Amino acid sequence: DEIDKNGYEHYMLKEIHEQPTSIGDTFRGRISIDKTKIFLGGIIDVMPKLTQAKRIIIVACGTSWHAGTVGEYLFEEYARIPVEVEYASEFRYRNPIINQDDVVIAISQSGETADTLAAIKMAKEKGATIIGICNVVGSSIPRETHAGVYTHAGIEIGVASTKAFTSQVTVLTMMAFMIGRKRGNLYDDLYKKLIHELTLVPEKLEIILKSENYIKGIAEMYKDATNALYLGRGCLFPVALEGALKLKEISYIHAEGYPAAEMKHGPIALIDENMPVFVIATKDKSYEKIVSNIQEVKARSGRVIAIVTEGDETIKNMADHVIEVPDSHESIAPLLTVVPLQIISYHIAVMRGCNVDQPRNLAKSVTVE
Ligand code: G6P
């Protein structure tokens, strides 16, 4: 058991630290050596369907649904295909409208989630093309799909998903770029730049992981919180959802993720000096907007912990704490910014004496409906 944990106190911590390697394993052999092409062998046969799809429907549960929501932003931005992200359990029971030129993408770490499996069986019967993004090779979902891409994150034991999530996002990012290229939306230079940016993620994550002790110090300050709010915009909104889920799953602190601008339609009423607000605020096209959102929180005495691009002095002067991540293209930011949030949740849960790898009432794989 101790050997499996490779010297780490918990599987979750080991899996958090494995991410530079697991993400590398996800794109290994799928990006050409000269970093100019993406090949996803498992979906070659359905590429014509995918590039001409009228609509992509992503079905998933839990953390995989959050990865799918990152995928929605990236697919719409780069592939320019309309995307709907559905909770598998809602989708399957509501007589959804599915056409033959729809492509359904099922995302599942285990490949065994009962609702996701049932959702794709139904969509398949209605004539849609089904693609799987799964981690466990040979599991039930990949066996039901027409095509798929394995995430190759390696076995994940911690119930709270970490490396499986970043590998799912890596696959979706590759797919978005590749489809965008095939559909003529991405010119050579941008396509190469995006691929290059993706290949830099492992080394940038190594840098983030080196600041674990600093991040643990922040965790110490908020370990007794009873509530927490997570805010992000664009493809960082699903990262806010995932950050909140990680905290509530393993530390049992009530946490909510919100699109930053929606805060004023509800959660702002909860903000006082006892409310930690985690804001994912790296430099991208909505940067100015998120800076205003931070001001709104500070004006109500909330505590702001901001995940920022290295060297950001503006937010440093406003927030209570900043956690810096290396500069990157905005499409890559979900992969970088989620990791400090995983680390914070992990340390808060350990400090609260929680069973991090096996939180109460949760299962790694939900095979009941
Ligand atoms: C459970 C797990 C989560 C996971 C979800 C979906 O709730 O605890 O970590 O995200 O199921 O699982 P899947 O295997 O389909 O990704």
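Predicted model: local features only at pLDDT ≥ 70, side-chain atom pairs only at ≥ 80, totals over all residues.
Analyst: A residue counts as buried if 20 or more other C-beta atoms lie within 10 Å of its own.

User: What makes the span of helix 8 agree with its 20 residues?

Analyst: At 1.5 Å a residue, helix 8 (residues 163–182) should span 28 Å, and its end C-alpha atoms lie 29 Å apart, so the two values agree. Helix 8 is also mostly covered, with 19 of its 20 residues buried. Glycine 184 follows helix 8 and has a positive phi, near 80 degrees.

User: Why is proline 96 called partly exposed?

Analyst: Proline 96 has 19 other C-beta atoms within 10 Å, so that is the class it falls in. The residue sits in the loop between helix 5 (88–93) and strand 3 (102–108). Proline 96 and serine 110 are separated by 14 residues in sequence and by 25 Å in space, C-alpha to C-alpha.

User: What makes strand 3 largely enclosed?

Analyst: Of its 7 residues, 7 are buried, so strand 3 is largely enclosed by the rest of the structure. In a regular strand the side chains alternate between the two faces of the sheet. Here Asp102, Val104, Ala106 and Ser108 are buried on one side, and Val103, Ile105 and Ile107 are buried on the other.

User: How do you know that strand 3 pairs with strand 1 and in which sense?

Analyst: Pairing needs at least two bridges. Strand 1 (residues 55–60) and strand 3 have 5, in the parallel sense, so they pair. Isoleucine 56 stands opposite valine 103 in strand 3.

User: Which strand does strand 3 join by 6 bridges?

Analyst: That is strand 4 (residues 129–134), which runs parallel to strand 3. Isoleucine 105 stands opposite isoleucine 131 in strand 4. Between strand 3 and strand 4 the chain passes through helix 6 (residues 114–125), making a right-handed β-α-β crossover.

User: Which residues come nearest to the ligand?

Analyst: Of the 16 residues around the ligand, those are Gly62, Thr63, Ser108, Ser110 and Thr113. Helix 4 (residues 62–79) gives the largest share of this shell, 3 residues. By class, the shell holds 10 polar, 5 nonpolar and 1 charged.

User: What confidence does the predictor give the complex?

Analyst: The complex has an ipTM of 0.97 and a pTM of 0.97. For the protein, the mean pLDDT is 96, and 99% of residues reach 70 or more.

Notes: Residues numbered from 1 in each chain as written. Near = placed C-beta within 6 Å. Helix = DSSP H or I, 4+ residues; strand = E, 2+ residues; numbered from the N terminus. Nonpolar A, V, L, I, M, F, W, Y, C, P; charged D, E, K, R; others polar. pLDDT = per-residue confidence, 0-100. Buried ≥ 20, exposed ≤ 12 C-beta atoms within 10 Å, placed from the backbone. Right-handed = clockwise from strand over helix to strand, strands pointing away. Expected span 1.5 Å × (residues − 1).
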